[in-house]
Amino acid sequence: MPELSDCSGYKYLRDSAYDRETIRHAIRPAISQVDTFKRYPDAEKIKLPTDWTLKEARITPLLQTRRSLRKYEKESVTMRELAFMLWASQGITATSGHYSFRTAPSAGALYPIETYFSANSVEDLQPGLYHFDVENFSLDRLSTTDSAEVVANACLNQNFMAQAAVGFLWSAVIRRSMSKYGNRGMRYILLDAGHICQNLVIAAEATGNGACPIAAFYDDEINELLGLESEEETVIYAAAVGKRVVKQKDNT
Ligand SMILES: Cc1cc2nc3c(=O)[nH]c(=O)nc-3n(C[C@H](O)[C@H](O)[C@H](O)COP(=O)(O)O)c2cc1C
């Protein structure tokens with residue numbers, strides 16, 4: 001088995017990284033666009049019902065109203081909400097032998113994704129950078145420097161990341177998956193991150209918050225901020241979470 005840095009999966013990750021210099025010269029790829037919908041005009045169509053009344057499907061309103069949210073109330077996220085979002089995204093729900101299974105599925109139960117976040121406005125939590133200790137359902141405080149602006153700048157200056165109450169950052173410990181699956185492990189890493197983010201998004205909706213996934217960031221800047229050795233562990237996904245703006249009722 002080649003070392004990580006010789007794997008094409010790993011090289012792909014590095015080749016697709018953003019930095020401030022190369023992004024300035026980035027040109028649209030010479031790949032033509034295709035339609036958003038796949039159509040089978042000649043296939044028999046079977047209409048699906050839209051009048052389901054699945055009372056047990058309590059998730060329906062969360063899915064129906066979910067939208068990527070980039071504007072937030074000033075209100076803080078509570079520690080209980082944060083804990084719930086962390087549990088929903090990565091919490092341990094069962095153990096079997098030496099496996100600890102989590103809320104989100106993971107290829108080979110290898111769990112290559114680590115959760116970090118910038119606490120910008122969380123009740124009873126000092127602003128700063130934290131790591132989610134999944135095993136002990138605890139937080140590791142990494143820094144008490146308010147990093148909201150730095151994180152947003154590293155996310156291609158997407159300012160809403162600084163206005164969010166919490167800026168989640170997910171890294172991949174690449175070796176966890178690639179030591180078993182080689183190049184294919186890179187696919188699994190990316191898929192795992194998608195599951196985790198989606199769970200977080202739904203948990204955010206369920207707690208009166210909203211989230212926006214973020215994959216546009218300067219890789220090395222974010223890694224440096226978290227003190228990650230990017231060959232071993234690199235940020236691959238992020239999300240901003242904050243209180244949903246409640247529309248005022250019109251009493252006229
Ligand atoms: C992989 C991925 C990366 C994304 N990255 C960003 C991002 O960097 N900035 C941003 O504002 N939105 C980002 N989004 C959110 C999309 O723009 C959004 O999901 C899309 O416009 C559809 O809108 P909706 O989420 O409200 O349904 C990302 C979404 C995904 C799935």
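Tutor: We begin with the pocket: on a 1 Å grid over the protein atoms alone, a pocket is an open set of points where a 1.4 Å probe fits, with protein on both sides within 12 Å along at least five of seven lines, and lining residues have an atom within 4 Å of a point. A volume is the space filled by probe spheres set on the points, which are joined across faces, edges and corners. This is a predicted model, in which local features need pLDDT of at least 70, side-chain atom pairs count only at pLDDT 80 or more, and totals for chains, interfaces and linings use all residues. Residues are numbered from 1 along each chain as its sequence is written, and side-chain values use heavy atoms, with hydrogens and water left out.

Student: How much space lies in the largest pocket?

Tutor: The largest pocket holds about 270 Å³. Among its lining residues are Tyr-12, Leu-190, Asp-219 and Tyr-237. Strand E8 provides the largest share of this lining, three residues; strands are DSSP runs (E, at least two residues), numbered from the N terminus.

Student: Which residues surround the ligand?

Tutor: A residue is near a molecule if one of its heavy atoms lies within 4 Å of it. The shell here includes Arg-66, Arg-70, Gln-158, Ala-216 and Tyr-237. Strand E7 (residues 209-214) gives the most to this shell, three residues.

Student: Which polar side-chain atom lies 2.8 Å from an oxygen atom of the ligand?

Tutor: A polar contact is a pair of N or O atoms within 3.5 Å. That side-chain atom belongs to Arg-70.

Key:
A polar contact is a pair of N or O atoms within 3.5 Å; within protein, one must be able to donate a hydrogen and the other to accept it, and residues adjacent in sequence count only if both atoms are side-chain atoms. Helices (H or I, at least four residues) and strands (E, at least two) are DSSP runs, numbered from the N terminus.
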